[in-house]
Amino acid sequence: MSDTRWEAVIGIEIHAQLLTATKMFCGCRLSFGDDPNTHTCPICLAHPGALPVTNAEAVRLAIIAGHALGCEIPERSVFHRKNYFYPDLPKAYQISQFDEPICGPGRFRYLSDDGEHWVGITRAHLEEDAAKLTHTGGDGRRAGAERSSVDFNRGGTPLLEIVTEPDLRSGAEASAFLKQLRQTLVQLGITDGNMEQGSMRADANISVRPVGQAEFGTKTELKNMNSFTFLERGIGAEIARQIEILEDGGSVVQETLHFDPVTGDIHSLRSKEEAHDYRYFPEPDLVPVVPDRAWVDEIKAGLPELPVDRRDRWRSDLGLTFEDAEVLSESPELAAYFEAVASEASPKSAANWVRGELRAQLREVDQEPWESNVTPSALAAIIGMVEGREVSMPNAKAVLAEVVEHGGDPAEIVETKGLGAISDDSELVALVDRLLAEHADQAQQLRDGKDKLIGFFVGQAMKATQGRADPGRVGELVRERVHSA
Amino acid sequence: MAELTDLTAEEAIAAIGAGEVSSVELTEAHLARAESDTWHSFLEVDRERALAAARRIDAAPERPPLAGVPVGIKDALSTKDLTTTSGSKILEGFRPVYTATCVARLEAAGAVVLGKTNMDEFAMGSSCENSAYGPTRNPWDLDRVPGGSSGGSASSVSARQVPWSLGSDTGGSIRQPAALCGIVGMKPTYGAVSRYGLIAFASSLDQVGPFARTVRDSALLLQHMVGHDPMDSTSIDLPEPIALPSRERLDGLRVGVIEELMGEGVDAGVRATVETALAAMESLGATLHPVHIPHAKYALATYYLIAPAECSANLARFDGIRYGHRTADAHDLLETYERTRSEGFGPEVKRRIMLGTFALASGYYDAYYGQAQRVRTLMVRDFDDIFSEVDVVASPTSPSVAFPLGERTADPYTMYLSDICTIPMSLAGLPAMSIPCGLSDGLPVGLQLAGPALSENRLFEAAHATELALGFDTRPGGTA
Ligand SMILES: [Zn+2]
């Protein structure tokens with residue numbers, strides 16, 4: 001084995017299905033799970049004489065995405081025909097974009113626990129999805145199948161293909177990038193980002209080179225990883241495979257590969273006979289897309305706060321950790337909920353409660369915070385009472401449970417159920433003294449240095465007061481009184 | 001009253017309006033000639049559909065503008081439930097689920113679709129001999145071709161099977177057969193008529209237009225087809241509606257005579273006839289000016305790169321999977337494609353698909369398709385320059401009169417030369433038309449007039465006045 005240190009060079013191609021009502025070039029509704037071939041028309045079935053018409057909403061979503069990716073939006077973009085024969089492609093060409101995409105170069109910023117990162121975006125372009133092929137018999141692939149069926153419902157679904165620069169260096173980086181890209185696209189309503197159902201798919205271009213070498217090594221393309229875990233593991237496995245080949249003195253073959261998440265194997269996906277010359281040429285049935293500049297600017301001005309910016313703000317203004325910010329900005333609803341709580345309570349406590357106790361309790365009833373009985377104000381009130389030592393933590397949790405179940409004003413619940421903290425210190429002193437007397441053995445052991453027994457007395461105190469005692473204060477008092485008693 | 005089938009559409013509409021004849025009677029008269037189809041103009045005549053439409057129009061409280069006058073439709077246009085093959089075996093028996101926009105607009109205006117007319121397969125040809133269903137014959141001489149690719153649409157109008165019809169023109173497929181059959185054929189500005197439902201040959205060139213026996217009829221038919229269609233992104237609105245031409249003089253009209261199309265390669269008889277027609281225009285007050293298309297010599301080569309390139313993609317959808325012919329014995333996917341297409345396409349179509357596939361291939365794109373697009377841009381500029389000095393240009397429509405069946409089938413290049421006069425305007429997307437201007441050796445000669453984009457109305461005026469002055473009798477010998 002040589003001592004060469006290797007570096008991986010990774011670029012990602014993402015295909016995201018756009019959340020339009022209708023297909024990219026016809027008026028058929030987008031739908032998933034409906035009976036096969038129920039959403040088709042002469043255009044998406046490529047009947048003779050039918051012509052495509054560009055979906056304006058898809059263009060709008062692509063421009064939104066472009067702004068979010070920090071891309072230039074060129075003056076005009078052009079559709080091209082990408083020619084190849086396959087039963088899932090009824091025209092035998094896919095309408096895609098080639099040298100004039102809807103979104104030009106850009107840079108996408110994302111945060112990870114070691115700071116901020118930038119990934120160059122080469123381009124993002126619009127295209128139509130292929131139909132869905134199902135092969136029955138054999139091993140589920142076309143070769144050897146007894147029968148193949150085509151469902152054209154998916155054919156013509158608008159896709160945004162985003163291509164990154166080779167700026168990523170590991171599977172973990174790729175996964176972190178993709179997570180935040182996905183979150184951004186989902187929060188902007190561009191795609192539902194469902195990787196398992198294939199509405200978002202990622203391919204990775206991977207090569208390795210000795211550290212310090214400027215030229216890229218030979219790259220391979222790893223196709224269609226349908227989860228972040230697979231993406232990370234697949235890239236890791238491919239990097240390892242390439243390094244092994246190179247260290248054995250071999251050379252990497254440029255090819256398209258498939259990662260099998262079950263076995264961890266990587267195998268070649270395309271055979272030679274399927275090598276394509278796509279013969280791209282401008283689609284003569286469509287006119288170039290020349291978006292009105294004022295409209296493009298208007299879209300940019302109307303963009304909501306991007307998840308990455310929100311995270312930044314939370315970290316700098318609210319003092320949240322990277323992890324808090326990451327978790328709490330998972331969805332726009334959660335982010336809004338958290339912000340509402342944090343506006344009425346200490347942000348750090350708000351983060352802890354939302355991520356911790358609230359989610360734990362709501363998981364039991366299968367609800368999300370923003371659709372639960374717990375209004376942000378109610379949660380903020382509970383947090384406020386805990387911080388003001390008006391209720392003990394255990395009782396605060398009980399109050400929350402009550403709100404989860406029936407709703408209502410936490411202060412009233414505390415009042416009517418008598419859950420308020422014992423605010424009179426002398427009451428607690430008397431209680432502690434009584435407990436020390438009742439449990440003289442334990443008190444002696446405590447005096448002898450068995451500090452663990454403080455917990456025992458706190459427990460007894462909580463029991464005796466039905467949780468109304470402040471456990472912290474009780475602990476302090478036990479320490480004080482055990483020696484004075 | 002004259003024979004019903006001799007009436008122009010305008011005369012027929014007037015007769016129906018005056019209550020002298022019904023749409024059903026008019027349709028019956030034309031059906032009779034369409035059904036005894038000596039010329040093989042039609043691939044399919046749908047008597048029931050036509051008569052049903054005619055009856056509906058006769059019964060309607062208000063008469064639509066086209067009043068139930070029959071029309072022939074080139075088989076390249078999709079017609080719901082009416083077999084549409086584009087002249088190809090690969091679409092034998094294909095019944096579309098929708099109707100082309102231009103046909104639907106004509107039907108809405110009261111035209112009665114009589115049937116589908118013969119054509120060169122997928123509009124590739126200049127003689128109608130490339131039809132998978134046998135050639136069409138020229139009404140002026142049954143041993144000669146009617147021209148193509150819209151040969152059946154031209155012969156049906158010439159032979160009085162319909163007063164007018166629709167064709168499509170990619171490099172001359174309306175104008176050249178109109179010339180060879182002694183009728184009027186018009187290719188509008190690219191985009192003026194929706195292509196939705198026109199089975200594509202070369203998308204950036206294809207345009208639907210009318211055949212008729214008078215210029216006014218062709219303007220009338222076009223009037224009801226033009227305008228933007230939401231289903232065709234390349235379609236446009238004209239700056240003003242199509243008007244029926246009425247002027248009899250051409251005072252002040254500057255006519256550019258295209259020098260490159262008046263010399264070598266054009267038969268002497270054709271040239272002499274066209275010169276006579278130009279003299280007639282001059283006598284109406286027009287002035288003649290020699291003009292040049294500097295890049296004309298590249299037009300044919302440019303066309304035969306762009307059109308095949310586009311067709312190679314346009315015809316890829318005919319794969320035997322969803323509709324049309326599918327081979328009977330294939331064992332896998334590749335064989336299904338190969339055999340279906342080998343069996344379904346004729347030799348000229350295959351030739352052009354291969355030419356186009358090659359022209360787009362990686363490594364050749366720039367030298368062929370890319371270069372052709374650059375020349376096309378130059379040709380557009382040539383015409384811009386010309387139209388800064390003249391109002392319309394004139395030339396022969398076809399370098400020769402109708403040629404004998406079989407004469408050029410063995411030599412594709414000679415066949416391609418049939419379109420040298422019409423291709424430049426197609427590449428530039430200009431409105432252009434052919435009107436009959438006389439006979440040479442007893443066969444019709446076409447005068448081609450073309451104008452700048454969207455100048456349809458001026459073109460019709462020029463053609464109409466010239467037509468009146470020439471007084472050409474469109475009745476072919478023997479069918480009158
Ligand atoms: Zn559709």
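So, the salt bridge: A:Asp285 pairs with B:Arg195, with the closest N and O atoms 3.0 Å apart. By salt bridge I mean a side-chain nitrogen of Lys or Arg within 4 Å of a carboxyl oxygen of Asp or Glu. Between chain B and chain A the count is one.

Quick caveats: this is a predicted model, where local features need pLDDT of at least 70 and side-chain atom pairs count only at pLDDT 80 or more, while totals for chains, interfaces and linings use all residues. Residues are numbered from 1 along each chain as its sequence is written, chains are lettered from A and ligands numbered from 1 in the order in which they are written, and side-chain values use heavy atoms, with hydrogens and water left out.

Okay, the interface. How many residues of chain B are in contact with chain A? It's 37, against 31 residues of chain A, contact being heavy atoms within 4.5 Å. The buried area is about 2,800 Å², with 62% of that from carbon and sulfur atoms; that's accessible area (1.4 Å probe) that the two parts lose on being put together, summed over both. On the chain B side, B:Ser233, B:Arg317 and B:Arg322 lose the most area to chain A, together 21% of what that side buries.

Polar contacts next: 14 residue pairs between chain B and chain A, both residues at pLDDT 80 or more. That term means a pair of N or O atoms within 3.5 Å; within protein, one must be able to donate a hydrogen and the other to accept it, and residues adjacent in sequence count only if both atoms are side-chain atoms.
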